[in-house]
Amino acid sequence: MTRAARVRAASVLALSALFALVYGLRYGVHNQHTYLLRAARAVRPELFARDWLVVQATDYHPAFSALAALLMATRHPGWALALANVAVLATAALLFYRLAREAAGPAALPTFLLVIGWPAFAAQHEVFGSVAVSALFANYFVPANLGSLGLLAALVLHVRGRFLWAGVAAAAAGLFHANYLVLAPPLLLLAHVVHRPTGLRPVAAELAPCALVLLLRLPELMAVGLDPLAAEGRRIFMTIRSPHHYVPLTFLRDFVPFFGWQLLGVVAWLGVGKPETPPAARLRALFVAVFVLVSAATLLTTVVDVPAVAQLYVWRLAPFGVLLALVSLAAWLPEGASQVGSWARRGIVIALLAASALAIGWRAEPGARAGVLLLAVTTALIVAGWFGLHSSTAVWSLGAALLALGLVHGLPGVRAEAAALDLPLSREEELYGWAQTTPVGALFAIPPDLDGFRLSAERAAVVDWKSTPVVPSEVCEWYRRVGLVAGLSDVTDLDSAVRGYQTMGPWRIARLRSELGVDYVVLRSPFPRTRLPEYPVAFQDERFIVFDVRRPAPLPTRR
């Protein structure tokens, strides 16, 4: 390896590490409140013994639970999980670089800078967020991050023509998250069709590993598909619990920025004036495949209603479409201006860029403003190139500036996050610290939106809104429990569940005790103490009041 190559390799590694650190060191947040529960129980089997979700419901991320248990069994679980996500994001950045090399060749480094600079500048809570609350990566360690990493590796290997290894990477994605096992094969197959393969051998090599993992996970998938309550469970999960993921009519406006990004990919491919290399052709085929799958899924869930298509959550591929569009544009920019010959073609390019800017920036959000800024500078670079100015240095500068701004915004918080990693999660609320003093087998009824209770208090809960199973009959049981704690037969959304829960009374507590064996009831303050005079207050602060309901109390006469 030459000295220049060593410097380039060191630069890419350093940039990848900085990119990962922009997103912080997070532990015990958001979806981890659900996905780390089984790992916590594996480390400490006495926890959650009476928790229906943890003990009885199906674990639909068993490989992740096993890996997370290994990390949580270390002396510093917070650090282990936070650094695991840093490793995932740094590896993703290295894969971005490899994709840039295949797309841009000698201009790989400025392309790479732009590809990591824009997402670091646009948002620090997710990497390439898109339709239906989808994102390429979250800023904390969850199964979807491992699935995305596997599929990203599969796309890079596919572009390089390493089809068997691409299949292995896609299979690994499906091992950690079943949704990728459903989405990766049609994506890769369609990319082969668009690229017009010369034979079936590459296709078979790429799909075979996924088929093996599919056989391994087939019982889980069949349990979902053949469940006798499949239709009702799907209705509850998709239209009540998660319409933001599965009902596109509720997030139609999110498609406008997505298709704006797709126009950028069109600009890049329209401007290519020289013959495509095989990797570039495969990259374009993947771009087209993502666009077709996302568009088809959208049509089949809006113009016509096919619930089975919505259940596939094809929109998880949308962030990959944004990534491929940005890679294509960034790779084209250094030489793009010289490749667009006629003024008529230049006019088309400017019109597409303007349409992209309108689509991406029509929503007044930080990420949208960042996208418009990127497009404004991009347009200036292209126009400057038409007048003979070389744009490679400008692409370098733009990527470096965006990454620097992202670092300025993201790195200052890393020190405070690092200091908190060795502190117990119970510090977040006095309630959690107190709950840890109760018997380890205690069962709590909690407000439906208090999803951090289980992991932070290390105690079982009847139900919360975020922690949902996926097997339809289990979804129905989850919904029954939500209705039970809310005192409602028809819960329509989280707000109705929270409002209903706060009207807790003695008859509902009596039912929770008799049916589920609840020991404590947590309510938000202010709560009228006189509504439950029969039960002693076990804990109270400015935010919560907890009633000890272990002993039955006389019930008031019904009116």
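## Basis of the description

The model is predicted, so local features need pLDDT of at least 70 and side-chain atom pairs count only at pLDDT 80 or more, whereas totals for chains, interfaces and linings use all residues. Residues are numbered from 1 along each chain as its sequence is written, and side-chain values use heavy atoms, with hydrogens and water left out.

The parallel part of the pairing includes β3 (residues 443-445) and β5 (residues 520-524), which are joined by 2 bridges, and A445 has V521 in β5 as its bridge partner.

## Strand β7 and its neighbours

On one side, β7 runs antiparallel to β5, with 5 bridges between the two strands, and R524 stands opposite F544 in β7. Strand β6 is also antiparallel to β7 (residues 544-548), here through 3 bridges, and a hairpin of 3 residues connects β6 to β7. Within this pairing, F539 has V546 as its bridge partner in β7, while Q540 stands opposite I545.

Strand β7 is mostly covered, since 5 of its 5 residues are buried, where buried means under 20% relative accessible area, exposed over 50%, and partly exposed in between, with a 1.4 Å probe and protein chains only. Both faces are covered: F544, V546 and D548 lie on one side, I545 and F547 lie on the other, and all are buried.

Helices are DSSP runs of H or I with at least four residues. Helix α6 (residues 77-104) has 28 residues and should span 40 Å at 1.5 Å a residue, which agrees with the 40 Å between its end C-alpha atoms; the expected span is 1.5 Å times one less than the number of residues. After α6 comes G105, whose phi is positive, near 60 degrees.

Helix α15 (residues 278-302) contains T298, which counts as buried because its relative accessibility is 9%. The side chain of T298 makes a polar contact with the side chain of W315 at 3.2 Å; such a contact is a pair of N or O atoms within 3.5 Å, of which, within protein, one must be able to donate a hydrogen and the other to accept it, and residues adjacent in sequence count only if both atoms are side-chain atoms. L300 is also placed in α15 and is partly exposed, with a relative accessible area of 35%. L300 and A310 are 10 residues apart in sequence, and their C-alpha atoms are 8.1 Å apart in space.

The largest cavity has a volume of about 100 Å³. Of the 14 residues that line the largest cavity, T34, Y35, R38, D59 and Y60 are the closest to its centre, and the elements giving two or more residues to the lining are α2 (32-35) and α3 (37-43).

Terms used: Pairing = 2+ DSSP bridges. 1 Å grid on protein atoms, 1.4 Å probe; cavity = no way out; pocket = protein on both sides within 12 Å on 5 of 7 lines; lining within 4 Å. Points joined across faces, edges and corners; volume = space filled by probe spheres on them.
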